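Subject: Structure for your review

Dear colleague,

Please find below the structure that I am handing over to you. My findings follow directly after it, and I would be grateful for your comments.

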Amino acid sequence: MAVEPKIRLDHVSKVYPGTDTPAVSELTLDIDPGEILVLVGPSGCGKSTTLRLINRMIEPTGGRIYLDGDDVTDVNPDQLRRRIGYVIQQIGLFPHQTIAENVATVPKMLKWEKKKISARVDELLDMVGLDPRVYGGRYPKELSGGQAQRVGVARALGADPSIMLMDEPFGAIDPITRESLQNEFLRLQDELRKTIVFVTHDIDEAIKMGDRIAILGKQSVVHQADTPERILAYPVDDFVRSFIGAGTAMKGLAFERVGDLDLAPFDGPNGNGESGAEPTGTITADATLYEALEEMLRTADGKTIVLDDSGEPAGVVELSHLSDALRTAQDEARRHYDELEAAS
Amino acid sequence: MSESVAPVITKRRADQDDAAKAAVVSVTSTTRLWRRFSLLLAPVLIVALALVLWFYYQSLGVGTTAQIQVSSALDWDTKLRPQLTQHLTIAFWSTLLVIAIAVPLGVLLTRSGVRKIGPAVLTVANSGQALPAYGLLIIFLALLGQGARTVIVALVVYAILPVLRNTMVGLDSVDRSTLEAGRGMGMTRLQTLLRIELPLAVPVIVAGIRTAMIINIGMATLAFLIGGGGLGITINSGLKLNQDPVLLVGAIMVALVALTFDWLGALAERFLHPRGL
Amino acid sequence: MDGLQSWWSYVVGHSDDVFEATLEHAQITVTVVILATVFSVALGIYVQSRPTSKAIALAISGIFLTIPALALFALFIPLVGPGNSPAMMALFLYAILPILRNTVTGLDEVSPAVVESARGMGMSPAQQLWRVRLPLAWPLIMTGVRISTLLTVGIAAIAILVGGGGLGVFIQGGLTRLGLPNSVESVWVGTVFTVVLGLALDAVLSLIQRLTSSRGLRA
């Protein structure tokens, strides 16, 4: 690990006054610059508490928190929070302020120049796909849920913080809008490269959004923290296995693309005759294995034709390709964990 | 006089903002705490005030060592007791009449045919708060002549507003879907009124009646101005004679009466609350 | 019609007196309401996050409102003597509850998500109060101020009974001369002008409420 972690939680604990069992117990976690780390776990596991410990919305009762190597456990929390974007499920836009005023909140507190603030507001609204001339002067009550959450993200990005904390940001939004917000956000993140800690209870959202996922159990104990591929290929214990639930193998198929496989040759319309019925379905090379499986099932052929960029058949993907790919991923993950164990 | 105004606004604003629901829960729990606290605080205060009054009255030496002016103004059998009776009689009849008029009127004004004029009535009812009780009393004196009857008529006119307003607001705030459900089960309009709307509106209506009762007890203090009697006489004697003891005994007695009946009203409000609300 | 005509000629004939009494009535009301607003909003902010203090403050200010006006006015006479002062002190106590209750309710109603996001962006407690919580509670606070104003205007008419001034002077004057010419007109002047003053002050406050509340908060 050559890079210094952007955020380091070092044995961080939270015990609420009047209780014996900690809400968060001795949590140690490193978050690398530019990655999206998803905290996922059943409700009540303390994942939101963990997130709120990072910007000290909740004061930790033990352990240290480091940002960029600096211990921020005791700095002024208000100053700290102005450096960290924070997005919550209920959004919490200020209903008495216009969208532009909402987005300008943190820059204003940091006493930016007026011109710089208004330029920044326009830039941010553009970035989240809202025309500043149309929406800047509106009030939050005039927005749809999806638009409000875009503004929430823009507001959190106000002073260009390098860290974003997001607590189930898309949780209250209808599934279709959520999907498009997730995609847009990932596209945005490709440009911005923020360090993001993202809380969700939805494993599918975690798989989609996370560069890495930390699966938390009671008292925020980390059961497994790894890339979605490895977690799906190799859940370390029963807790993780039951949490990621049924269809784990199939979910794993979504991480590989057909074009990366060693395809069987395509022998023309009747050429593959001897190995069974000829495939009728087609997919493109950038389709995932999951999409390939779906096409095989749809056509009931057990295989499907892969088309290249010009639309010409480039090869055939068969069911065995998929199971091989899964096995390879599992082997890779097992080897990785064996090495880890051997090292420790 | 304004008991119901804020809760109504509260409700409307809360509906606007789903995210505020959690906050609304805390509002109601505060209100409940406050109510419970008032319910406990009032009797303590009443007893303490009564004791203060008792010892103060004893220390004055009414009928023995006190000045003749003080003694005659504060004599229990010829002054204070009859005044207290008059005071309560006035407040009782005016409150009863207010209920008899305002509740049916409120029901009438919330029926679908005349519902449109409801908001206008409420606006008038709200601005009626600026109506000076004193002026109203004297106007009725000029119209109807002296006496307790005139006082009662004036009080009814004055105190009708809160009961009317609360009846209308209480009936209006019954959830439409509850009414739909009732109608859907085949209830007639009268049945939905008697079995759903009115029972659900009772707490708000009782709150209005309590307000009216307190207004009536307060205004009965002014009854002396038009020959209607009441404890106002003693306060006024204290003012006229420049005798603070007389003034204080009168004022504390009035306060005691008001606090006691307000407390009884609070108890009624609490126990007439339908379960589950 | 005759009555209205004679009333109007009475008003015109006594316009200076009517104006002065209205002005005094307005001064009493405005002074009391301003003081009560400052006191109640400050108290409301202080007690809002303290459930026990909140319950005590609301219960006590509710008790004041229960005590009949003449009695409360009279209770202050031994302390400050007759005049406008005992009336204003009592009126101040009456005016507390509506403003206090609406301040507390308004602050209570601010969505926790809004406060959470304000805090999350690094606003200090004072910034959260001034920039977010008070502006959001403001329309409701102003409603409380309006209620208190109407209440104060109406009750202030009996200040005359404890030696004070204001429009009650005309009511009292009419009462003492009842049966003589112009006595009823005088009572009507006191009553009508009190109501008109109340409505005028309410209109002004309603305008202020509109101008000082964010457009984003309107229904």
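Between them, chain A and chain C bury about 2000 Å², and 58% of this area is on carbon and sulfur atoms. On the chain A side, the residues that lose the most area to chain C are Phe94(A), His96(A) and Met109(A), which together account for 27% of what that side buries. Please bear in mind throughout that this is a predicted model.

The contact between these two chains takes 24 residues from chain A and 22 residues from chain C. Between chain A and chain C there is 1 salt bridge. The side chains of Arg52(A) and Glu116(C) meet in a salt bridge, at 2.2 Å from N to O. The count of residue pairs in polar contact between chain A and chain C is 12. Elements of chain A that each supply at least two residues to the side touching chain C are α2 (77-82), β6 (84-88) and α4 (105-109). By residue class, the side of chain A that touches chain C divides into 11 nonpolar, 7 polar and 6 charged residues.

I turn next to chain C and chain B. These chains bury about 4700 Å² between them, with 78% of it on carbon and sulfur atoms. Thr66(C), Arg101(C) and Glu109(C) supply 13% of the area that chain C buries against chain B, more than any other three residues. The contact takes 56 residues from each of the two chains, chain C and chain B. Across this interface the rule finds 0 salt bridges, while 2 residue pairs are in polar contact. Several helices of chain C give two or more residues to the side that touches chain B, among them α3 (51-66), α6 (84-109) and α10 (183-212). Of the elements on that side, α3(C) gives the most, with 10 residues. The residues of the side of chain C that touches chain B comprise 41 nonpolar, 11 polar and 4 charged.

Two further points concern single chains. For chain A, an unreviewed UniProt entry places the feature "domain: ABC transporter" at residues 7-244. Over that range the chain is 39% helix and 23% strand, and the end C-alpha atoms are 26 Å apart.

In chain B, Arg195(B) lies in helix α9 (residues 189-220). Arg195(B) counts as exposed because its relative accessibility is 56%, and the cut-off for exposed is over 50%. The C-alpha atoms of Arg195(B) and Gly182(B) are separated by 9.0 Å, with the two residues 13 apart along the chain.

With kind regards

Key:
Residues numbered from 1 in each chain as written. Chains lettered and ligands numbered in written order. Predicted model: local features only at pLDDT ≥ 70, side-chain atom pairs only at ≥ 80, totals over all residues. Heavy atoms only, no water. Contact = heavy atoms within 4.5 Å. Buried area = accessible area lost by both parts, 1.4 Å probe. Salt bridge = Lys/Arg side-chain N within 4 Å of Asp/Glu carboxyl O. Polar contact = N/O pair within 3.5 Å; in protein donor to acceptor, adjacent residues only side chain to side chain. Helix = DSSP H or I, 4+ residues; strand = E, 2+ residues; numbered from the N terminus. Nonpolar A, V, L, I, M, F, W, Y, C, P; charged D, E, K, R; others polar. UniProt positions renumbered as here; feature names shortened; annotations may be inferred. Buried < 20%, exposed > 50% of the residue type's maximum accessible area, 1.4 Å probe, protein only.
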